[in-house]
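Let us take a friendly walk through a protein model, stopping at a few spots along the way. Please keep the 3D view open as you read.

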Amino acid sequence: MSGKPAYLDIDRENNPAVVAGRVSREMVDARDKQGWLDNFADDAVVEDPVGPSMFDEHGAGHRGRDAISAFWDMTIATTERLDFEFDEEIICGNEVAYIGRIVTHIGGHVTTSPGVFTYRADDAGKLVALRAFWEVQKTMESMRPA
């Protein structure tokens with residue numbers, strides 16, 4: 001123990017949000033829907049992207065396991081692969097924000113979504129919020145053959 005407060009001595013490997021975010025991405029890579037769902041708290045919310053979109057007409061997010069499961073089916077399950085390319089990590093308490101991009105491989109095409117991607121964990125290490133700030137229009141404009 002260094003004697004410094006946690007906010008001056010961040011454990012970048014074991015922070016609950018970092019771990020929950022890492023598990024989330026590993027489960028996506030493994031195409032393990034159940035493992036991905038098990039990483040969420042019962043009342044968690046997924047906002048991907050934040051605000052209204054073709055995945056969430058009203059922009060309220062997908063709250064609770066049933067809604068998050070349906071989100072997987074509507075989005076992740078339709079892709080061939082998602083590459084998480086994060087350039088910067090910002091940890092604040094039990095939240096982490098990543099600045100970078102998600103590259104989506106779908107239907108023989110590739111899109112790139114530059115943005116800010118946040119994970120918030122509870123004290124048990126479960127995700128309570130996954131939020132992705134990316135613009136649908138920019139992503140669609142990036143579409144190219146794989």
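Pro49 sits in the loop between β1 (40-47) and β2 (62-63). Helices and strands here are DSSP runs (H or I over at least four residues for helices, E over at least two for strands), numbered from the N terminus. A cis peptide bond, with omega of about 0°, joins Pro49 to Asp48. Another loop, between α1 and α2 (33-38), holds Arg31. Although Arg31 is not a glycine, its phi is positive, near 60°. Why point these two out? Because most residues other than glycine have a negative phi, and most peptide bonds are trans.

A word on the model: it is predicted, so local features need pLDDT of at least 70 and side-chain atom pairs pLDDT 80 or more, while totals for chains, interfaces and linings use all residues. Residues are numbered from 1 along each chain as its sequence is written, and side-chain values use heavy atoms, leaving out hydrogens and water.

**Salt bridges**

How many salt bridges does a search of the whole structure find? There are 10, each being a side-chain nitrogen of Lys or Arg within 4 Å of a carboxyl oxygen of Asp or Glu. Three of them are shown here.

| Salt bridge | N to O distance |
|---|---|
| Asp42 and Arg65 | 3.0 Å |
| Glu47 and Arg131 | 2.8 Å |
| Arg81 and Asp83 | 2.9 Å |

Asp42 in strand β1 and Arg65 in helix α3 are 23 residues apart, so their pair links distant parts of the chain. Asp42 counts as exposed because its relative accessibility is 59%, while Arg65 is partly exposed at 28%. For these words, buried means under 20% relative accessible area, exposed over 50%, and partly exposed in between, with a 1.4 Å probe and protein chains only. Through shared partners, salt bridges join Asp38, Asp42 and Arg65 into one network.

The pair of Glu47 in strand β1 and Arg131 in strand β6 also links distant parts of the chain, 84 residues apart. Is Glu47 buried or exposed? Glu47 is buried, with a relative accessible area of 13%, whereas Arg131 is partly exposed at 28%.

**The largest pocket**

The largest pocket has a volume of about 530 Å³. On a 1 Å grid over the protein atoms alone, a pocket is an open set of points where a 1.4 Å probe fits, with protein on both sides within 12 Å along at least five of seven lines, and lining residues have an atom within 4 Å of a point. The volume is the space filled by probe spheres set on the points, which are joined across faces, edges and corners.

Which residues lie nearest the centre of this pocket? Of the 29 lining residues, these are Phe55, Thr75, Leu82, Thr104 and Trp134. Strand β5 gives the most to the lining, with four residues. By class, the lining has 18 nonpolar, eight polar and three charged residues. Here Ala, Val, Leu, Ile, Met, Phe, Trp, Tyr, Cys and Pro count as nonpolar, Asp, Glu, Lys and Arg as charged, and the others, Gly among them, as polar.

**One more strand residue**

Our last stop is Ala129, which is placed in strand β6. Ala129 is buried, with a relative accessible area of 5%.
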